[in-house]
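Keep the picture open while you read.

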Amino acid sequence: MSANILSAGFATTIQDMGRPGYYHLGIPMGGAMDRFALRCANLLVGNSEDAAGLECVFTGPEIEFTSDTVIAVTGANLPPKRDGKVMKTWTAIPFKAGQILSFDFLKAGARAYVAIAGGIDTPPILDSRSTYGIGALGGIEGRAVQTGDALPIGTATLPVHLDTRSIPATMRRSVKTPTALRVVPGLYWHRLTNESGDQFFQDRWKVASEADRMGYRFGGGSPLTFVEREPPFGAGSEPSNITDACYPYGSIQVPGGTEPIILHRDAVSGGGYCMVGTVISADMDLIGQLVPGDEVNFVKVNMHTALKARRSRAEMLDTVRRHLNG
């Protein structure tokens, strides 16, 4: 079976859970920006949770299916349409051969995820089908989906009681505005003055126009001030610079002390900007659903809180599994 792309949409890519294990070689983990949403979409159609689906930014593609299948759309509120009729999100939707999937206008969020029963069956590169455009890895010959592509679809094992498979709103994770992003202060937090560090968590920040799979930039808060120092060799004279170091996933850089940047799925693995903190793993999915202009508050937490939040996120997914498995 194949899924024929009649129109690709704005930025549609093939994504799965990414390719962990290569960060030390400069290859980021990649994968879905909102991992919870993609896992749920796969569960709805009977796929393994790490199967490859489509990540759609702001708009969705138009797809014709060559065989009967089942799809699900989760994440952003981007209502799917079957032959022009609006259908529900977070619900298994059957399609007959020849029927066309399209999308209504975006209602909320930034990224929607489309799972197709059987999963997208493009060749895996470094154990993943995820598209990493900068490195030309995964996807369709290393690129995003384009109009005219025919996506190969794997063999499906359709779940029972298909017509009742839906994830209720109480089990979804919606983005609230302003969004609270929990942060563990980083290795270079000591570079900030006490007053500036306190202000960083008191200010309200807004997502800037530079917001993509590599990272999200934020503006609107107070410029950071740094403790005076004698710059170490190789760091340069800019107070926000350090001698080159590894970047943890989710780290927050503030080049020049003015606009924080959160590094996301396709970010580089190292460089010379100091990292004032790291967004906890439980909140990284939320960032992928933010759009330019959305407001954010950074909330200071410790490692104990971060680990507790990670357990809570895992329990959310367990709840969905139990619900769908009856």
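## Where the helix stops

Let's start at an ending: helix 1 is followed by G46, and the phi of G46 is positive, near 85°. Keep in mind that you're looking at a predicted model.

## A helix tucked away

Is helix 1 mostly buried or exposed? Of its 11 residues, 10 are buried, so helix 1 is largely enclosed by the rest of the structure. The buried ones are R35, F36, A37, L38, C40, A41, N42, L43, L44 and V45.

And what do these buried residues pack against? Their partners are strands 2, 3, 5 and 10, together with helix 3 (284-287) and helix 4.

Zoom in on strand 3 (residues 53-57) and strand 10 (residues 108-116): they run antiparallel and are joined by 4 bridges. In this pair, E55 stands opposite Y113 in strand 10.

How do helix 1 and helix 4 pack, and at what angle? Helix 1 (residues 35-45) and helix 4 (residues 303-324) pack at about 10°, with 11 Å between their axes. That is why the two helices count as roughly parallel to each other. On the helix 1 side, the contact is made by F36, R39, C40, L43 and L44; helix 4 brings in M316, L317, V320, R321 and L324. Sort these residues by class and you get 8 nonpolar, no polar and 2 charged.

Those numbers make more sense with a bit of background: an α-helix has 3.6 residues a turn, so residues three or four places apart point the same way.

## An arginine from a loop

One last stop: R165, which lies in the loop between strand 11 (150-152) and strand 12 (179-185). With a relative accessible area of 9%, R165 is buried, since the cut-off for that word is under 20%.

Where does its side chain go? The side chain of R165 reaches the backbone oxygen of L44 at 2.9 Å. It also reaches the backbone oxygen of L324, at 3.2 Å. L44 and L324 are both among the residues that make the contact of helix 1 with helix 4.

Conventions:
Residues numbered from 1 in each chain as written. Predicted model: local features only at pLDDT ≥ 70, side-chain atom pairs only at ≥ 80, totals over all residues. Heavy atoms only, no water. Axes fitted to C-alpha atoms, helices over the stretch in contact; angles between N-to-C directions. Parallel < 35°, antiparallel > 145°, perpendicular 65-115°, else oblique. Contact = heavy atoms within 4.5 Å. Nonpolar A, V, L, I, M, F, W, Y, C, P; charged D, E, K, R; others polar. Pairing = 2+ DSSP bridges. Buried < 20%, exposed > 50% of the residue type's maximum accessible area, 1.4 Å probe, protein only. Polar contact = N/O pair within 3.5 Å; in protein donor to acceptor, adjacent residues only side chain to side chain.
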